[in-house]
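Student: I have a model open and want to go through its contacts. Can we start with the charged pairs?

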Amino acid sequence: MKFLVIGDSCSDIYVYCSSTRFCPDAPVPVLNPIKTISSLGMAGNVVDNLKGLETTVDFITNEESIKKIRYVDDRTNHMFIRIDEGESNIERISKNILENIKWEEYEAVIVSDYCKGFLLEEDIKYISQQHPLTFLDTKKQLNGFADDFTFIKINDVEYSKTKSTILPHLEEKLIVTLGSKGARYKNKTYPVKQVDVRDTSGAGDTFISGLTYKYALSLNIQEAIKFANKCSSQVVQKKGTAKVNINEL
């Protein structure tokens with residue numbers, strides 16, 4: 001299967017450190033870097049998760065560099081601080097790029113919108129109208145720009161911020177992730193097996209990847225949600241922005 005992902009991406013950089021003492025002139029720990037691990041984040045993480053499910057993916061994203069740098073205790077996985085760089089320089093996707101996409105090549109299209117400026121509402125609406133199977137994961141408040149998507153995924157915090165703008169026809173398409181409680185669709189909760197959580201970074205990206213993959217195979221949204229839950233449960237048991245591994249499911 002071949003998918004198209006469109007959205008803002010970044011570099012997720014984890015600087016794993018040891019810390020054995022506090023700074024003598026301030027009440028903060030002294031960090032000693034041990035290793036640095038970098039991977040694609042945001043929409044790039046969606047791409048990597050789809051590849052982990054052994055699919056082919058095309059990716060349209062910002063050229064400008066966004067970095068999310070996390071300083072993390074190597075032993076406990078406690079994050080001391082996160083530093084974000086480059087978010088103010090993102091240019092909007094060009095109209096020419098959108099108009100030259102060969103939409104018919106793809107099983108489905110995912111819009112992973114982290115609201116950094118790469119996609120405006122009118123761009124998202126245009127994308128939703130170009131393919132019969134489209135999935136949206138957005139940080140924007142939902143309104144008419146999302147009308148034509150097949151399914152929309154947001155988390156429970158995002159839902160609380162946008163529920164006042166959601167009309168009934170959008171509620172019918174909405175899948176709300178609930179962290180350790182699973183996901184909700186049409187007032188039904190799909191629970192997840194309780195696991196030892198090490199890191200939730202990127203779990204939502206894994207969910208939308210698993211959801212799209214399974215729905216494209218089965219055309220059964222209930223089965224797709226269960227599979228997406230399983231994918232997310234796998235990655236939260238690992239350090240950093242982990243990717244789903246189809247052989248471990």
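Tutor: Lys-238 forms a salt bridge with Glu-248, with 3.0 Å between the closest N and O atoms. A salt bridge here is a side-chain nitrogen of Lys or Arg within 4 Å of a carboxyl oxygen of Asp or Glu. Both Lys-238 and Glu-248 are in the segment after H7, 10 residues apart. This is a predicted model, in which local features need pLDDT of at least 70 and side-chain atom pairs count only at pLDDT 80 or more, while totals for chains, interfaces and linings use all residues. Residues are numbered from 1 along each chain as its sequence is written, and side-chain values use heavy atoms, with hydrogens and water left out.

Student: How many salt bridges by this rule?

Tutor: The count comes to 18 salt bridges.

Student: Where do Lys-243 and Asp-48 lie?

Tutor: Lys-243 lies in the segment after H7 and Asp-48 in helix H1, so the pair ties together parts 195 residues apart in sequence. Their side chains meet in a salt bridge at 3.8 Å, N to O. Helices (H or I, at least four residues) and strands (E, at least two) are DSSP runs, numbered from the N terminus.

Student: Which residues are linked in a network of salt bridges?

Tutor: Lys-2, Asp-58 and Glu-105.

Student: Switching to the inside. Which residues have the most contacts in the largest nonpolar core?

Tutor: Val-5, Leu-50, Phe-135, Ile-175, Leu-211, Ile-221 and Ile-225, in a core of 34 residues. Such a core is a set of buried Ala, Val, Leu, Ile, Met, Phe, Trp, Tyr and Cys residues joined through side-chain atoms within 4.5 Å. Buried means under 20% relative accessible area, exposed over 50%, partly exposed in between (1.4 Å probe, protein chains only). Elements that each supply at least two residues of this core include strand E1 (2-7), helix H1 (43-52) and helix H7 (221-235).

Student: And what is Leu-50 in contact with, leaving aside neighbours within four places in sequence?

Tutor: Phe-3, Val-5, Thr-55, Val-57, Ile-110, Ser-209 and Tyr-213. Contact means heavy atoms within 4.5 Å.

Student: Thr-134, buried or exposed?

Tutor: Thr-134 is buried, with a relative accessible area of 0%. It lies in strand E8 (residues 134-138). Leaving aside neighbours within four places in sequence, Thr-134 is in contact with residues including Val-109, Ile-127 and Phe-149.
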